[in-house]
Structures are given as C-alpha cells and as structure tokens.
Amino acid sequence: MKTALSAGAKLLILLFILSGCGSPFGGDTLPAMRIEGEPTKANWERAVPLDLEVWMGNVNLRPEIVALDQETSHRSTAQCHHGPANSDPVKVRLKAFHNDRELYLKIRWPDATEDRDLGHWERGTDSWVARPGEDDGLAVLWGSAGAGSGTRQEFRCQRACHMIEVDVYDGGTQMRMGMKHEGGILDLWRWRAGVTAPFDRADDMVVDLEGKRGDEGQAILTTVPDPMGSGPVPYREIEKPSGRQGHVRTVSRWADGWWEVLFVRDLDTSDPDDTVFVPGLAVPFSISVFDNTFTEHHVLDTSADLVLVDRPSRGAGGTTADGRDPYDPLDF
C-alpha cells in the first residue's frame, strides 16, 4: 500500500516552516525536504527534526545472550533486544534533505567519550598479549519504500533476527541470525568510529534469509592473527568499504560530548540489496547506537518513517499579490 503525501500534508509542511512549531507529521516521521544541490548550514538549522529515544543498552551477562547482542542485525532491529532495561534512554536527533539524486541524513546523539581505538597486541615476556579495543557506532536499518504496514512487520524480532542455525563447539556456541522467510530483506547501514569513519564511509550491508552480510561480501574488519616485530601491533586490520558495499558516504565528528554523522547516498543505487528512496513514499527504518565505553548498545523500540517531501507546485497565479512566490520558504 503506497503512502504518497497528499496536497494537505504538503500544506502542513509549509505551515510548519512558517510557524516554527513541531513536526506536522507526528512523532515517528522524519521529513526530508527537497532542495537544490547540497544542504547548507542554513538549511540544516531550518530542517524539520525528528527526536527519538533509544535505550535498553546494557548487555546481559549470559554468554549466549551476549552473542545475540553482538549480532548487528539483532541490535539494529526494532522491538528486539535482550539487554535489561536498566539504562537511561539516549536522545537522538535526526534531520534529512534530498535533491534529485541524493539523500542526506544527519544523526546526532550524546556520548561522553570519543572511542575509536580498536586495540593492539603487546609483546609480553613469552608471547603476544591481545589488548582489544572498542569503538562507538551507529546503525540504520531500512525497509522498502511504499511497502506500508507490511514492511513494519519485517522489523519485528521474530522476522528480522530469526535464529537460522546454532553451531555448538567446545567453549561456546555461535548463532547465525537472519530474516525468517524468503524474500524478506532489510538494508543496513553500519557506521563505526574506528572502522568505517577513517574512510568517510558506512558499511553498506543487507539482512536477508542468509543472515547479515556486506553487499559486496567484503570483510572490512579482521583480527591480526600472528603479530610480528617488537610491538605494539594493531589488534585489528580495517579495509575501506568499496564497490556495492561503499555506496553510503559519511562525514562524522565528535565534539563536546556529541557524535554527529552525516550519511549521503544516492536515492537509487540500482543495487537490488539497497532501499530505493522515492519522493512521497514512506520508508520505515530503525536505528541503534553503540557506546562501547560502557559496552552499551541502545535500540529504538519501534520503527519510524522517512518521507521525501517534494516542493509543492505553484498555484495558477504562480505568485501572491505582492509578487512573492508563496512557496519560497520551502526553497531554504
């Protein structure tokens, strides 16, 4: 079922811009206004925000549950988390724009510490000692444009993080999670401060019946297995997301206790694993925030919608009596 914006909805947008009041779309819709070219600082200051809260961030100490919590598709999925609800919610602000070719999505959230260190190997007396590090991150999980309420169901735990198989081995278990049924697919953008930020990229991934994987199948993070030399040696090696896995560009910074990440992607990449953004059609999404200083990863407990809003067409006269274009405010 398509959810195209009506002329009335567009009028509400205009009234909002003129009045400076809250979003006319309600509490779970992020409008991405159409602009010419790239958004400027003035554009962002006037953008219609969507404020969300993510929470349930502390991981459970049971090993098998920790394994679930470390699965990114699981953590990115709305209504699906196994951590106890004993953490304070994290307030996240989203703003968005689009032009004829690209979507611009800016997400800002508080984090007291800037964590980018992936750790290192240290040379001990007799052997190497691993000193793993952790970095901060954020993930956005997208459904299909215009799919309506049926797509929202895909975000639920029993569909989006369905347990496909469990491998039992000495010392533990390894679980593979994925979409429950054939044809179900969610587009995943995973940004990490220590892994993808150095390349100004997010990892463009997908969750489908086979589980979570990069669109290109590329492993961008690996552990250095055999450190050599006198040390210290990096514990992790990273690789730039490229090809189909490098569609999502980012600009990120941490300052004064806040992360801010700008995601930029073509509206249509022609990649079957990527969500297509179409003006007027709602795209359901969910987000998760990873604060690895305290090993917390917070999730949205429901999905929200992104809607690309085109500029309303002019009336028959084109201008007001004083010669002003009545839709100028939407030009930003």
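Good morning. I begin with the second largest pocket, which holds about 300 Å³ of space. A pocket here is an open set of points on a 1 Å grid over the protein atoms alone, where a 1.4 Å probe fits, with protein on both sides within 12 Å along at least five of seven lines; its volume is the space filled by probe spheres set on the points, joined across faces, edges and corners.

The model is predicted: local features need pLDDT of at least 70 and side-chain atom pairs pLDDT 80 or more, while totals for chains, interfaces and linings use all residues. Residues are numbered from 1 along each chain as its sequence is written, and side-chain values use heavy atoms, without hydrogens or water.

The lining of the second largest pocket comprises 14 residues (an atom within 4 Å of a point). W44, K106, R108, R253 and E260 lie nearest the centre. Two or more lining residues come from each of α2 (41-46), β3 (90-98), β4 (102-110), β16 (249-255) and β17 (258-266), with helices (H or I, at least four residues) and strands (E, at least two) taken as DSSP runs numbered from the N terminus.

Next, T269, located in the loop between β17 and β18 (282-291). Is T269 buried or exposed? T269 counts as buried because its relative accessibility is 16%, the limit being under 20% with a 1.4 Å probe and protein chains only. Beyond neighbours within four places in sequence, T269 contacts H247 and D274 (heavy atoms within 4.5 Å).

Finally, an open sheet of 3 strands runs β6-β5-β14, with antiparallel pairing (at least two DSSP bridges between two strands). β6 (128-132) and β14 (233-234) are the edge strands. Strand β5 (residues 119-123) pairs with β6 over 5 bridges, and W121 stands opposite A130 in β6.

Technical notes
Buried means under 20% relative accessible area, exposed over 50%, partly exposed in between (1.4 Å probe, protein chains only).
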